[in-house]
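Open the model in your viewer and keep the selection tool at hand.

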Amino acid sequence: MSFESLEAIRDHAKKELAPLVRQIDEDGFYPEAYLRGLGELGGFSAVGSLEEGGSALGLIGQINSLRAVGQVCGSTAFTAWCQAAVAWYLQQSSNPLVKEKYFSDVLNARVLAGTGMSNTMKHLSDIEKNNLKARRIDNGYEIYGGLPWVSNLGEDHLIAVTAQTDEGGYVMFVVSCADEGIRMKDCPEFCALEGTRTYSVSFNDVQISDDNVLAHPDEFKAYIKRIKPGFILLQIGMGVGIIDGCVDIIQRAK
C-alpha cells in the first residue's frame, strides 16, 4: 500500500475510531459508519485489480490496512478482516455473475459482509463436522443448518459460507442476511467480541441462486486452495496492529 493511502487510513482511525474504542469495548457498539468510511478511503480495495476498481496492492497492502485499524482497536480490526476476507473470496471466484453483483460494493464497503468459513476450514482439517447442508435445485441450491458464531453481520449485510451437498461435495456462496429463511440470534456475551456484531445464524431452507455462488462443487477443491492463504494471512494485520498499539502504550508509559 502506498505511504500516502496508508497514512490516510491511520489518520482516519485516530480521528474516527479512537474516540469510539471505550464505547465499543464496554457497550458493544458496532462502528458501522467508521467501516463504511474506511471503505471509501480504499481500506478494503487492495485485493482488487485496477480494472475491478481496486488498488491492486495485493495481500500485503490489505494486511497493512488492517494493521492500521488494529493499532487503534482490535475488535474493529477483526470486523475489517471479515470484510476484507469476503472481498478476497469474490476476487478469487471464477463466477463473473457473483463478482458483477457484489465485488465493487464490498470493496468500497457500500455493502458490509461477514465470513462464516471457520467451521468449513476446521471441517476440512477433520476438527469438526460441517454444519451447513445443501440440496441442488433448479438454478441454485437450498441451504439448511446453522453456524454458532459469525461476525460483522447485520440485516443489510452479506454473509459468505460453505455448505456440504448430499453427494459429499461443497458449494460456497454469498447471501444477504435479509433473505427469507435466515435467522440471526445474539450470542452470549464474550470478552472483546461485543462490538463485532457476532451472531449465531440459522438457515431454514434458504434459496441460493447460481449467481450468488462463489464455487460449485466441481470447482471447490481448486477454489479453497486459492482462498485459504489469504484467509489466513490477512489475519496477520489484526495481530500486528494490536502489537503496534501495545508498543505505543509502552512508549507513552515511559
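In the residue classes used here, Ala, Val, Leu, Ile, Met, Phe, Trp, Tyr, Cys and Pro are nonpolar, Asp, Glu, Lys and Arg are charged, and the others, Gly among them, are polar. The model is predicted: local features need pLDDT of at least 70 and side-chain atom pairs count only at pLDDT 80 or more, while totals for chains, interfaces and linings use all residues. Residues are numbered from 1 along each chain as its sequence is written, and side-chain values use heavy atoms, with hydrogens and water left out.

**First stop: the largest pocket.** Select Phe78, Thr115, Ser118, Lys122 and Trp149, which lie nearest the centre of the largest pocket among its 21 lining residues. A pocket is an open set of points, on a 1 Å grid over the protein atoms alone, where a 1.4 Å probe fits, with protein on both sides within 12 Å along at least five of seven lines; lining residues have an atom within 4 Å of a point. The volume of the largest pocket is about 380 Å³, counted as the space filled by probe spheres set on the points, which are joined across faces, edges and corners. Next, colour strand 3, which supplies the largest share of this lining, 4 residues. The lining has 11 nonpolar, 8 polar and 2 charged residues.

**Second stop: the second largest pocket.** This pocket holds about 270 Å³ of space. Select Gly70, Gln71, Val72, Cys73 and Gly74, the closest to its centre of the 15 lining residues. Then show helix 9, which gives the most to this lining, with 6 residues. By class, the lining has 7 nonpolar, 5 polar and 3 charged residues.

**Third stop: confidence.** Colour by pLDDT, the predictor's confidence in each residue, from 0 to 100. The chain averages 93, and 98% of the residues score at least 70.

**Last stop: helix 8 and helix 9.** How are helix 8 and helix 9 placed relative to each other? They are roughly parallel, a term for angles under 35 degrees.

Terms used. Helix = DSSP H or I, 4+ residues; strand = E, 2+ residues; numbered from the N terminus. Parallel < 35°, antiparallel > 145°, perpendicular 65-115°, else oblique.
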